[in-house]
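Me: I'd like to learn how to read a model like this one, feature by feature. Could you take me through it?

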Amino acid sequence: MSHILILGGDGYLGWPTAMYFSNRGHEVTVVDNYFRRNACVELDVGMLYPVPTLIERARIWHELTGKEIKVLIGDLTDPEVMRCLFDGRAEYSWALNKNFTGIPETVVHYAEQPSAPYSLINYKYANITLQNNLLVTNNLMFAIRDFSRDTHIIKLGTMGEYGTPDIDIEEGWIEIEHKGRKDKFLFPRQASSLYHTTKIMDTDLLWFGARMWDLRVTDLMQGPVYGIETEESKIDERLRTIFNYDEIFGTILNRFIVQAVADYPLTVYGKGGQTRGYLNINDTLQCIHMSEQSSAQCGELRIFNQIMETFSANELAEKVQDVGKMRGYNVVLNHLENPRKEAEDHYYSPNYKGLIELGVKPHYLTNEVLEGMLQVVQDNKKNIRKEVIFRGITW
Ligand code: USQ
């Protein structure tokens with residue numbers, strides 16, 4: 001079984017990915033600097049339930065399964081922290097001080113500031129986003145170039161890189177015919193936040209690395225993810241992923257579920273016609289797994305659109321309202337003036353066949369899935385802080 005390195009292993013997707021691969025017998029190393037946790041403290045946005053530190057979670061995982069997830073707490077914007085993961089110098093956390101066992105075959109890059117509103121609070125948060133996301137990606141590219149060119153990079157991109165163009169969205173690439181000649185180019189990008197802009201720049205950086213140094217890169221253009229439990233977290237509540245429902249780090253469906261339970265009118269922004277591609281957190285894990293099993297080739301930037309179905313904000317709100325009503329919640333929709341600058345009524349037709357062809361079996365957004373989420377949120381209702389649900393970060 002191969003060695004998988006997960007950058008950003010404390011986050012909403014990072015920790016479930018670590019357990020998923022560990023459970024399947026892989027050697028797993030996670031790195032994180034607690035950026036998300038610290039930002040939640042700084043901005044005073046609560047999580048739905050307390051989450052043990054990464055070191056504690058790895059210890060709990062080991063106690064319950066006998067499997068080991070190695071932890072390094074470090075800031076990957078520091079090139080030396082990144083480079084020690086690939087040149088054999090890594091000194092893992094004193095709490096889990098285990099021997100380094102080799103250079104990873106695959107690195108999953110989640111180590112980014114992931115929030116569009118955070119990136120636009122003001123110039124300071126814009127700078128933090130640019131600095132963190134671009135430096136981490138650049139440090140990764142150079143570490144792999146210098147020490148480990150065969151390592152497969154799986155980077156999390158975002159569907160928001162494409163924006164909402166008035167043509168069908170292809171999986172990363174488009175063939176263009178111009179004055180009688182044809183060539184293949186990256187599909188046009190046009191972000192609607194500075195966070196999304198950094199993801200475009202990441203793509204460009206790694207496309208450069210693939211062209212110059214034959215790096216192997218899979219770039220997953222992911223839509224907003226929803227869900228709480230994964231197969232691995234079900235064994236103990238303390239293994240549940242970080243779950244935000246605030247305006248900054250919470251994504252739409254996770255927020256709507258919490259709002260339904262908290263008797264807070266669902267915050268549909270503007271007309272609610274904004275359509276995106278969505279996926280269950282369990283499908284993120286499958287997508288990473290399938291990408292890991294079939295590496296990109298040397299010099300290839302392979303791009304997949306990582307979504308399973310599309311919904312407008314209104315459609316999501318109505319689904320939550322219907323299931324909420326069945327469970328006795330009085331769910332009301334509130335069309336707030338849109339704090340974001342985005343199209344509210346637009347064409348949206350992305351292609352997303354690639355990951356299905358690789359073998360991913362989608363979990364669709366059924367009433368049962370919504371009920372499962374409502375149940376976990378209900379169990380933690382006492383922790384919900386209504387004042388963090390909407391503060392109005394505008395751009
Ligand atoms: N929205 C509402 N009400 C809310 C929250 C969001 O109507 O309370 C709307 C937004 O205006 C937007 C859509 O729902 O049109 C999605 O918003 P979101 O906050 O769920 O997601 P977004 O800001 O786009 O970012 C999230 C993740 C990011 C990921 C991205 C994928 O935070 O890391 O890259 O989803 S995508 O949207 O495809 O770019």
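Predicted model: local features only at pLDDT ≥ 70, side-chain atom pairs only at ≥ 80, totals over all residues.

Me: Which residues come nearest to the ligand?
Reply: A residue is near a molecule if one of its heavy atoms lies within 4 Å of it. Here 21 residues are around the ligand, and P114, T158, Y195, T267 and E342 come nearest.

Me: What polar atom of T158 lies 2.6 Å from an oxygen atom of the ligand?
Reply: A polar contact is a pair of N or O atoms within 3.5 Å; within protein, one must be able to donate a hydrogen and the other to accept it, and residues adjacent in sequence count only if both atoms are side-chain atoms. For T158 the polar atom belongs to the side chain. P114 instead uses a backbone N or O atom, 2.7 Å from a ligand oxygen. I252 also has a polar backbone atom, 2.8 Å from an oxygen atom of the ligand.

Me: How many residues line the second largest pocket?
Reply: On a 1 Å grid over the protein atoms alone, a pocket is an open set of points where a 1.4 Å probe fits, with protein on both sides within 12 Å along at least five of seven lines; lining residues have an atom within 4 Å of a point. The second largest pocket has 20 of them, with E229, T230, K234, N280 and N282 nearest its centre. The elements giving two or more residues to this lining are α9 (281–293) and α12 (367–379), and α12 gives the most, with five. Helices are DSSP runs of H or I, at least four residues long, and strands are runs of E, at least two, numbered from the N terminus.

Me: Is helix α1 mostly covered or mostly open?
Reply: Buried means under 20% relative accessible area, exposed over 50%, and partly exposed in between (1.4 Å probe, protein chains only). Helix α1, residues 14–23, is mostly covered, with nine of its 10 residues buried. Contact means heavy atoms within 4.5 Å. The buried residues of α1 pack against β1 (3–7), β2 (27–32), α3 (54–65), β3 (69–73) and α9.

Me: Where does Y34 lie, and what is its phi?
Reply: Y34 sits in the loop between β2 and α2 (35–42). Its phi is near 65°, a positive value in a residue other than glycine. D263, also not a glycine, has a positive phi near 60°, and its loop runs between α8 (252–261) and β10 (266–269). Y34 is buried at 16% relative accessibility, whereas D263 is exposed at 52%.

Me: Why does N305 count as buried?
Reply: N305 counts as buried because its relative accessible area is 1%. N305 lies in strand β12 (residues 301–306), and its side chain makes a polar contact of 2.7 Å with that of Y162.

Me: How far apart are G223 and M159 in space?
Reply: Their C-alpha atoms are 5.3 Å apart, although 64 residues separate them in sequence. G223 is in the loop between β8 (216–222) and β9 (225–226). Leaving out residues up to four places away in sequence, G223 touches M159, G277, L279, Q306 and I307.

Conventions: Residues numbered from 1 in each chain as written. Heavy atoms only, no water.
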